[in-house]
Amino acid sequence: APSPSTYNNMGIVLSTILTTSPYTDPQGGQTILTGTSLAQIYYTTGLQLDPAHPHLLTNLGALHKDQGNLSEAIQ
């Protein structure tokens, strides 16, 4: 069963990955995946399960801050 805490823990682990990997989605769009981009996906997915989860909110805010997105970090 999906758990917000599990999504948070996975985000923490993924955020430490320094390598990048190209990804082609089913529609043919291409993007570069990083540990940070994967962590953001996990944090936001966890927040869909529990929008008030304090650790998810804190970690997503810190991720946005580290990327220079201060307005998003404050939200």
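Which residues are buried in α2? They are Gly35, Ala39, Tyr43, Gly46 and Leu47, where buried means under 20% relative accessible area, exposed over 50% and partly exposed in between (1.4 Å probe, protein chains only). Keep in mind that this is a predicted model, so local features need pLDDT of at least 70 and side-chain atom pairs count only at pLDDT 80 or more, while totals for chains, interfaces and linings use all residues. Residues are numbered from 1 along each chain as its sequence is written, and side-chain values use heavy atoms, with hydrogens and water left out. Helices (H or I, at least four residues) and strands (E, at least two) are DSSP runs, numbered from the N terminus.

**Helix α2**
- What covers them includes α1 (4-14), β2 (30-34) and α3, with contact taken as heavy atoms within 4.5 Å.
- The 15 residues of α2 should span 21 Å at 1.5 Å a residue, and its end C-alpha atoms are 22 Å apart, which agrees; the expected span is 1.5 Å times one less than the number of residues.

**Helix α3**
- Here the buried set is Leu56, Leu60, Gly61, Leu63 and His64.
- Seen down the axis of α3, these fall within an arc of 160°, so they line one face of the helix.
- They pack against α1, α2 and α4 (70-74).
- On the face turned away from that buried side, α3 carries the exposed residues Pro54, His55, Thr58 and Asp66.
- Just after α3, Gly68 takes a positive phi of about 85°.

**The core**
- Leu14, Ala39, Tyr43, Leu47, Leu56, Leu60 and Leu63 make up the largest nonpolar core, meaning a set of buried Ala, Val, Leu, Ile, Met, Phe, Trp, Tyr and Cys residues joined through side-chain atoms within 4.5 Å.
- α2 (35-49) and α3 (54-66) each supply at least two residues of this core.
- Beyond its neighbours within four places in sequence, Leu47 touches His53, Leu56, Leu57 and Leu60.

**The aromatic pair**
- Tyr7 and Tyr42 form a tilted pair, 5.7 Å centre to centre with 40° between the planes; rings of Phe, Tyr and Trp (its six-membered ring) pair if their centres lie within 6.5 Å, and planes under 30 degrees apart count as stacked, over 60 as edge-to-face and the rest as tilted.
- Tyr7 counts as partly exposed because its relative accessibility is 22%, and so does Tyr42 at 28%.

Key: The arc is that of the directions from the helix axis to the C-beta atoms.
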